[in-house]
Amino acid sequence: MKSSFRLGRILGIAVDIHFSWLLVLALFSTSLAQGFFPEVLPGLPPRIYWITAVLTTIIAFASILAHELAHSLMAIREGISIKKIVLFIFGGVAQMEAEAEQPLAELKITAAGPLTSFCIGVILGLIYYLLLPPGNVISEALFFIAYLNIYVSLFNLIPAFPLDGGRLMRAAIWYFSNNLLRATRIAVGVGSLISFLGIGYGFLMIIIQGNIMGLWLVFLGWMIYQAGQTSYSQLVFQETFGGIKVEEVMTPNPVTVSLDLNLQQLADHFLEHKFGAFPVVYGSTTHGLVSLHQMKDIPRDKWSHTPVSQIMTPLKNCPVASPLDDAASIMMKMAASNEGRVLVMDNGDLVGILSRTDMMRFMQMHLVLGLE
Ligand SMILES: [Zn+2]
C-alpha cells in the first residue's frame with residue numbers, strides 16, 4: 001500500500017508527503033483556528049481564523065521543507081545524492097543515498113538544517129518587530145511562523161541521534177577519534193538515554209497531569225530510539241562486511257549428504273552434526289539442499305522408504321552465490337528473501353555454504369578482534 005504521495009520536485013529534489021502529515025495539517029490548523037488566533041486576535045469572524053490557520057500551517061510546513069532542502073542541497077554539494085524528502089507526522093526527513101564519508105561533510109550537511117530554520121525565524125521575527133504593526137492577522141501569523149522556526153532549530157539540536165544535534169555530536173567525536181563506529185555508538189547511547197527520559201516524562205504528563213500531549217512525547221521518544229538503533233546496526237553491518245568476499249565468511253567444504261539416503265538416515269545426520277541444512281550431492285555433483293524443516297511434513301513411519309531427493313530443494317531453485325561475490329549484498333538478498341543459507345558454487349563445484357550463523361559469527365569476531 002502506498003503510504004505517501006508525490007508533491008513534486010523542488011530544485012530537482014523529489015518531495016513526498018506521507019499520509020500521516022495530513023493528520024498534522026488538520027490538528028495543527030484546528031488548534032491555530034480555535035486556540036492561538038482567537039486568543040491573540042479576539043473578535044474576528046471564525047472564517048478569518050480558519051483561513052489564516054490553514055495558510056499558516058502550510059507556510060509552517062514549507063519552513064520544515066526549507067530545513068530539509070538545506071540538508072539536501074548541502075549533501076549534494078558534498079557529492080551525496082538525495083533519494084527524496086518526505087514530510088510526515090513528526091516533521092520531515094531528507095533521505096540520502098549514502099552517509100557522509102568525512103566528519104566535516106557530516107557537520108556541514110547537518111548544520112545546514114537548523115541554521116536555515118534559525119535564520120528564517122530571526123528574519124521573520126525582525127520583520128514582525130520592526131516592520132509590521134502588531135495586532136493584525138498577517139503579523140500574528142508571521143510571529144507564529146518565526147517562533148516555530150526558532151523552535152524547530154532548537155528542538156533539532158537536542159543531542160539525540162539521529163536528530164541533527166546527535167549527528168553534530170557524532171561528527172565531532174568522529175573528527176577527534178577518527179572512529180565512526182565508536183562515535184556512532186556514543187551518539188546512539190546518549191540519544192537512547194534522552195529518548196527514554198522523554199518517554200518517561202511523557203508518561204508522567206499523562207499519569208500526573210492527565211495531559212494527553214504526553215503521548216506525543218512517548219511516540220517521539222520511541223521513534224528516535226528505534227531510528228538510532230537501526231542506524232547503528234546498519235553501520236556495524238556496512239563496516240563489518242564492506243569489501244568482504246563471500247569466501248571469507250562462508251563455511252568451506254560443508255558436510256554434505258548423499259542423494260541416495262532415505263529420511264531415516266538423513267535424520268541421523270541432523271542429530272549427529274546439528275546443522276539446519278545439508279547440501280545434497282551424488283559423487284562430485286551437487287543436486288540440491290535439504291533443510292530440517294522439510295522433514296516435518298513427512299510422517300515418521302514413511303521415513304525409511306522416502307528418499308532425500310523427494311523433499312530437497314533442487315539445485316535450480318536454490319539460492320547460489322559465487323565465492324568472489326560481495327558478502328554484504330548476498331546477505332542483504334538473503335535477508336530480503338528470508339533465506340537461511342546460500343550454496344557457494346565455483347564453476348559448478350560446491351565450495352562452501354553461507355548461512356546466517358556464519359554471518360553472525362563473522363560479525364562478532366570482527367567486532368571483538370578487528371575494530372576495538
Ligand atoms: Zn534537520
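Tutor: Ile48, Thr52, Thr56, Ile59, Ala60, Ser63, Ile64 and His67 in α2 meet Val137, Ala141, Phe144, Ile145, Leu148, Asn149, Val152 and Asn156 in α4, where contact means heavy atoms within 4.5 Å. Sorted by type, the residues of this contact are ten nonpolar, six polar and no charged. Here Ala, Val, Leu, Ile, Met, Phe, Trp, Tyr, Cys and Pro count as nonpolar, Asp, Glu, Lys and Arg as charged, and the others, Gly among them, as polar.

Keep in mind that this is a predicted model, where local features need pLDDT of at least 70 and side-chain atom pairs count only at pLDDT 80 or more, while totals for chains, interfaces and linings use all residues. Residues are numbered from 1 along each chain as its sequence is written, and side-chain values use heavy atoms, with hydrogens and water left out.

Now for the geometry. Two packed helices are described by the angle between their axes and the distance between the axes. Helix α2 covers residues 46–77 and α4 covers residues 137–156; they pack at about 35 degrees, with axes 10 Å apart. Helices are DSSP runs (H or I, at least four residues), numbered from the N terminus. The axes are lines fitted to C-alpha atoms over the stretch in contact, and angles run from 0 to 180 degrees between N-to-C directions. The crossing of α2 and α4 is right-handed, meaning the near helix is turned clockwise from the far one by less than a right angle.

As for where this sits, the domain assignment gives domain 1 as 1–157, domain 2 as 159–241 and domain 3 as 246–371; such bounds come from an automatic or database assignment. The centres of domain 1 and domain 3, taken over C-alpha atoms, are 52 Å apart.

Key
Helix = DSSP H or I, 4+ residues; strand = E, 2+ residues; numbered from the N terminus.
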